[in-house]
Amino acid sequence: MKSQSFEVALVPAATTPERLEGRAVIVVDVLRATSTIASALSAGADCIAPQPGIEAARTHHERLGPESRLGGERGGRRVDGFHCGNSPREYTPENIGGRTLILATTNGTVAMESCRLASLVITGAFANISAVFERVKDEPEITILCSGTDRRITSEDVLFAGAMAERILSAAGESGHELKMNDSATIAHQHWQFASNAIRSGEKTLADFFRVAHGGVNLVRNGYEEDVIFAANLDTFDVVPVLDLKTWTIRAE
């Protein structure tokens with residue numbers, strides 16, 4: 001019987017590069033980096049160069065030249081001197097089409113640094129969840145790496161992991177192969193089941209769950225509630241952002 005491993009790391013500190021070695025990793029930062037990456041690539045960005053910090057981003061921009069674009073945030077707000085912040089709604093064909101986006105965020109682009117030994121790295125969000133699922137569903141070893149917020153677990157990332165767990169479980173059931181999940185994957189799935197029951201009943205929306213999550217509270221406080229709503233929409237984009245581990249650039253597959 002074919003077996004498949006599906007794991008979730010609820011924050012980057014819950015795993016190591018060695019633990020991710022050889023696995024297909026989905027990096028998720030729903031609010032907002034991975035939603036922004038899907039948006040920018042769908043708007044025609046040539047590629048995205050994720051950076052672990054602001055100074056690294058500025059240095060890379062100097063190297064690539066003025067045609068590249070700097071995007072990112074600290075504390076949820078656009079960095080001084082950057083062309084764009086971390087709002088997926090900022091990235092339009094007019095300002096990003098055909099250009100390289102150099103992106104530095106507090107959580108998402110930092111989490112990617114843990115993935116240098118993985119076999120495949122994809123960024124995922126609710127905005128492209130179906131495309132990402134189709135790409136990874138047959139991978140033998142899958143890990144969802146939740147970026148969290150300020151090194152803490154945050155509900156919106158865990159909800160994405162749980163929604164993906166539900167799809168992977170369904171696919172395993174249909175194919176009849178064995179699926180092995182770690183405890184964090186089970187916890188994420190249970191969290192998603194609770195939320196999806198409330199959503200189906202009309203009691204709440206996905207955006208309602210995001211608003212009260214740690215990351216969502218920060219964004220609403222800073223005036224970015226529209227980004228919270230945007231990130232709660234499923235399948236806005238049909239794009240699979242793949243991180244090239246040699247060039248450290250993300251392109252649409």
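Visitor: Is Arg-151 buried or exposed?

Guide: Arg-151 is exposed, with a relative accessible area of 79%, where exposed means over 50%, buried under 20% and partly exposed in between, using a 1.4 Å probe and protein chains only. This is a predicted model, in which local features need pLDDT of at least 70, side-chain atom pairs count only at pLDDT 80 or more, and totals for chains, interfaces and linings use all residues. Residues are numbered from 1 along each chain as its sequence is written, and side-chain values use heavy atoms, leaving out hydrogens and water.

Visitor: Okay, and where does Arg-151 sit?

Guide: Arg-151 is in the loop between strand S8 (141–146) and helix H6 (155–175); helices (H or I, at least four residues) and strands (E, at least two) are DSSP runs, numbered from the N terminus. Its phi is near 70°, a positive value in a residue other than glycine.

Visitor: Which residues does a cis peptide bond join here?

Guide: A cis bond, with omega about 15°, joins Leu-31 and Arg-32, and Arg-32 belongs to the loop between strand S2 (24–28) and helix H1 (33–42).

Visitor: New topic: which residues touch the most other members of the largest nonpolar core?

Guide: Among the 45 residues of that core, they are Phe-6, Phe-126, Ile-144, Phe-160, Met-164 and Phe-210, a nonpolar core being a set of buried Ala, Val, Leu, Ile, Met, Phe, Trp, Tyr and Cys residues joined through side-chain atoms within 4.5 Å.

Visitor: Which helix gives the most to this core?

Guide: H6 does, with 9 residues.
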